[in-house]
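I am opening my notebook on a new protein, and I want to write down with care what I look up and how each term is meant.

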Amino acid sequence: MRTELAKNRDRWLLATVGTVFFSAVYECFSHQVYSRAMILAFLYPLLGGLLPATLLMMKAELQPGEWARSLWGAGIASLTLGSLFRGVLEIYGTTSRLCAVYGLLGWTLLTLGFLSWTLELRRRGRKAPLC
């Protein structure tokens with residue numbers, strides 16, 4: 001169980017570092033045009049993935065199941081990609097209505113992942129995380 005938790009944490013660390021690297025390289029070639037969405041895109045995998053994964057390593061009994069983890073991961077990925085997409089468009093100097101779809105989809109998946117985790121904990125006889 002411990003190795004699975006460590007692998008999950010390491011994946012989120014890799015996603016965070018990869019997002020920072022992509023943003024830095026893209027910004028280097030943007031001809032001095034910067035985007036806040038691009039610069040701060042790493043915060044989604046950092047605060048939504050790495051931080052919770054590290055905290056959950058301390059309480060293995062609160063570990064979410066695969067379904068909840070998959071929904072949560074898809075939500076974080078959607079928000080991260082949406083932020084990068086918005087950054088690319090801002091640097092290019094245009095906009096798109098698709099940016100809102102990424103946010104809506106991401107927050108919906110995060111909500112479903114959290115609800116799934118809560119239901120799993122109740123089924124196991126544990127108290128819900130925020131109750």
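The entries below go from the overall fold to the pocket, the salt bridges and a surface patch.

**Entry 1: ground rules.** I note that this is a predicted model, in which local features need pLDDT of at least 70 and side-chain atom pairs count only at pLDDT 80 or more, while totals for chains, interfaces and linings use all residues. Residues are numbered from 1 along each chain as its sequence is written, and side-chain values use heavy atoms, with hydrogens and water left out.

**Entry 2: the fold.** I looked up the secondary structure and found 5 helices and 0 strands, the order from the N terminus being α-α-α-α-α. Helices (H or I, at least four residues) and strands (E, at least two) are DSSP runs, numbered from the N terminus. Along the principal axes, the C-alpha atoms fill a box of roughly 55 × 30 × 20 Å. Of the 131 residues, 37% are buried, where buried means under 20% relative accessible area, exposed means over 50%, and partly exposed lies in between (1.4 Å probe, protein chains only).

**Entry 3: the largest pocket.** I then asked what volume the largest pocket has. The value is about 420 Å³, and of the 21 lining residues, the closest to the pocket centre are Pro 52, Leu 56, Pro 64, Arg 69 and Trp 72. Two or more lining residues come from each of α1 (2-28), α3, α4 (66-92) and α5 (98-123). I sorted the lining into 12 nonpolar, 6 polar and 3 charged residues; here Ala, Val, Leu, Ile, Met, Phe, Trp, Tyr, Cys and Pro count as nonpolar, Asp, Glu, Lys and Arg as charged, and the others, Gly among them, as polar. A pocket, on a 1 Å grid over the protein atoms alone, is an open set of points where a 1.4 Å probe fits, with protein on both sides within 12 Å along at least five of seven lines, and lining residues have an atom within 4 Å of a point. The volume is the space filled by probe spheres set on the points, which are joined across faces, edges and corners.

**Entry 4: Trp 117.** I placed Trp 117 in helix α5 and read it as buried, because its relative accessibility is 15%.

**Entry 5: salt bridges.** A search of the whole structure gave 3 salt bridges, each being a side-chain nitrogen of Lys or Arg within 4 Å of a carboxyl oxygen of Asp or Glu. In one, Arg 9 pairs with Asp 10, with the closest N and O atoms 3.2 Å apart; Arg 9 is partly exposed at 26%, and Asp 10 is partly exposed at 39%. Another joins Glu 61 and Lys 59 at 3.9 Å, N to O.

**Entry 6: a surface patch.** Leu 47, Leu 51, Leu 55 and Met 58 make a nonpolar surface patch of about 420 Å². Patch residues have over 30% relative accessible area and no salt bridge, with like charges joined within 9 Å and nonpolar side chains (Val, Leu, Ile, Met, Phe, Trp, Tyr) within 5 Å; accessible areas come from the Shrake-Rupley method with a 1.4 Å probe, and for residues only the protein chains shown count as cover. Met 58 lies in helix α3 (residues 43-58) and counts as exposed because its relative accessibility is 62%.
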